[in-house]
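Please open the model in your viewer and keep the selection tool at hand, as this tour moves from the whole chain to its parts.

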Amino acid sequence: MLLHTLSTLARLHELNFSKAGETVKGNLEKKHCESEISSEILKQYHIVAERYGKTALVPIQKNTCTGCFITQPRTGPKELAPGIYQCTHCRRFLFSPDDLL
Ligand SMILES: [Zn+2]
């Protein structure tokens, strides 16, 4: 599945910042999600999650990061994995809302 990393990361992010992620079951699911994501992306994710918390993963709208509201260069933000981008300004993880439908 092309966008598997994105949906797994979105689920991991949801668990990290919700009560569901604090349960034994939630922790197991987090471990499972982390095992499905490449270590390089996971490393970057943990850095931004520590810095920005819940807004470490935000949608991109009209080529603008909805975390820092900086418009991305015309060449676009850096694509880390299919459907996962990184804001060139604040380094938050970005995704297109259409990709998660
Ligand atoms: Zn940004």
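**The whole chain**

Read along the sequence, the chain runs α-α-α-β-β-β-β-β, where helices (H or I, at least four residues) and strands (E, at least two) are DSSP runs numbered from the N terminus. Its radius of gyration is 13 Å, close to the 13 Å that the globule rule gives for 101 residues, so the chain is as compact as a globular protein of that length; the radius is taken over C-alpha atoms, and the rule is 2.2 Å times the number of residues to the power 0.38.

This is a predicted model, in which local features need pLDDT of at least 70 and side-chain atom pairs count only at pLDDT 80 or more, while totals for chains, interfaces and linings use all residues. Residues are numbered from 1 along each chain as its sequence is written, and side-chain values use heavy atoms, with hydrogens and water left out.

**Select residues 4-16**

This selection is α1, whose buried residues are T5, L6, T8, L9, A10, L12, H13 and L15 (buried means under 20% relative accessible area, exposed over 50%, partly exposed in between, with a 1.4 Å probe and protein chains only). Among the elements that cover them are α2, α3 (39-52) and β1 (57-61).

**Select residues 24-36**

Here is α2, in which G26, K30 and C33 are buried. Seen down the axis of α2, these buried residues fall within an arc of 65 degrees, so they line one face of the helix; the arc is that of the directions from the helix axis to the C-beta atoms. They pack against α1, with contact meaning heavy atoms within 4.5 Å. Turn to the face of α2 directed away from its buried side, and you will find the exposed residues V24, K25, L28, K31 and S35.

Terms used: The expected span of a helix is 1.5 Å times one less than its number of residues.
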